[in-house]
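I opened the file to look up a few local features and wrote down each one as I went.

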Amino acid sequence: ISDVNARDFNGAAACFSVVSADNYHTAFLYLDGDAIADVNQIGPLTPVFIRDDSAQYYFEQTDAGQLLLFPVDFSRENGQWKILQY
């Protein structure tokens, strides 16, 4: 999140899997102030499962009184956890 706030999109993309980094880097280029504020509101991640080479967590947001859960998928690459998608 700090890289997105600093508009360091190369740094932010480095947190993503090689499978998805280019797509997220491109998406970051189009973030405006409102979208960056939305990223800042992502709360803590809660684990769903953790395996040797994959994991899934989720974060919660409330919209119009409705609780929404957003999955975040990770893969282990070269010994480091990388975001596959969210």
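**Entry 1: a loop residue**

Where does S17 lie? I found S17 in the loop between α2 (9–13) and α3 (21–29). I kept in mind that the model is predicted.

Is S17 buried or exposed? Its relative accessibility is 1%, so I put S17 down as buried; the cut-off for buried is under 20%. Next I listed contacts, leaving aside neighbours within four places in sequence. S17 is in contact with S75, E77, K82, I83 and L84.

**Entry 2: the second largest pocket**

I turned to the second largest pocket. About 160 Å³ of space lies in it. Which residues line the second largest pocket? I noted A35, D38, V39, Q41, I42, F59, Q61, F70 and Y86. The most comes from α4, with 3 residues. By type, I recorded the lining as 6 nonpolar, 2 polar and 1 charged.

**Entry 3: aromatic pairs**

How many aromatic pairs does a search of the whole structure find? I got 8. I looked at two of them in detail.

I began with Y24 and Y86. Their ring centres are 5.3 Å apart and their planes meet at 15°, so I logged the pair as stacked; the cut-off for stacked is under 30 degrees. This pair links distant parts of the chain, with Y24 in helix α3 and Y86 in the segment after β4 (80–85), 62 residues apart. Y24 is buried, at a relative accessible area of 16%. Y86 is partly exposed, at 41%.

Then I took F59 and F70. Here the ring centres are 5.2 Å apart and the planes are at 20°, so this pair is stacked as well. F59 lies in strand β2 and F70 in strand β3 (residues 66–77), so the pair ties together parts 11 residues apart in sequence. F59 counts as buried at 6% relative accessibility. F70 counts as partly exposed at 33%.

Which residues do ring pairs link into a cluster? I wrote down F9, F16, Y24, F28 and Y86.

**Entry 4: a charge over a ring**

Last, I looked up R51. What does the charged end of R51 sit over? It sits over the ring of F49, 4.1 Å from the ring centre.

Definitions and conventions
Residues numbered from 1 in each chain as written. Predicted model: local features only at pLDDT ≥ 70, side-chain atom pairs only at ≥ 80, totals over all residues. Heavy atoms only, no water. Helix = DSSP H or I, 4+ residues; strand = E, 2+ residues; numbered from the N terminus. Buried < 20%, exposed > 50% of the residue type's maximum accessible area, 1.4 Å probe, protein only. Contact = heavy atoms within 4.5 Å. 1 Å grid on protein atoms, 1.4 Å probe; cavity = no way out; pocket = protein on both sides within 12 Å on 5 of 7 lines; lining within 4 Å. Points joined across faces, edges and corners; volume = space filled by probe spheres on them. Nonpolar A, V, L, I, M, F, W, Y, C, P; charged D, E, K, R; others polar. Phe/Tyr/Trp six-rings, centres within 6.5 Å; stacked < 30°, edge-to-face > 60°. Lys NZ or Arg CZ within 6 Å of the ring centre and 35° of its normal.
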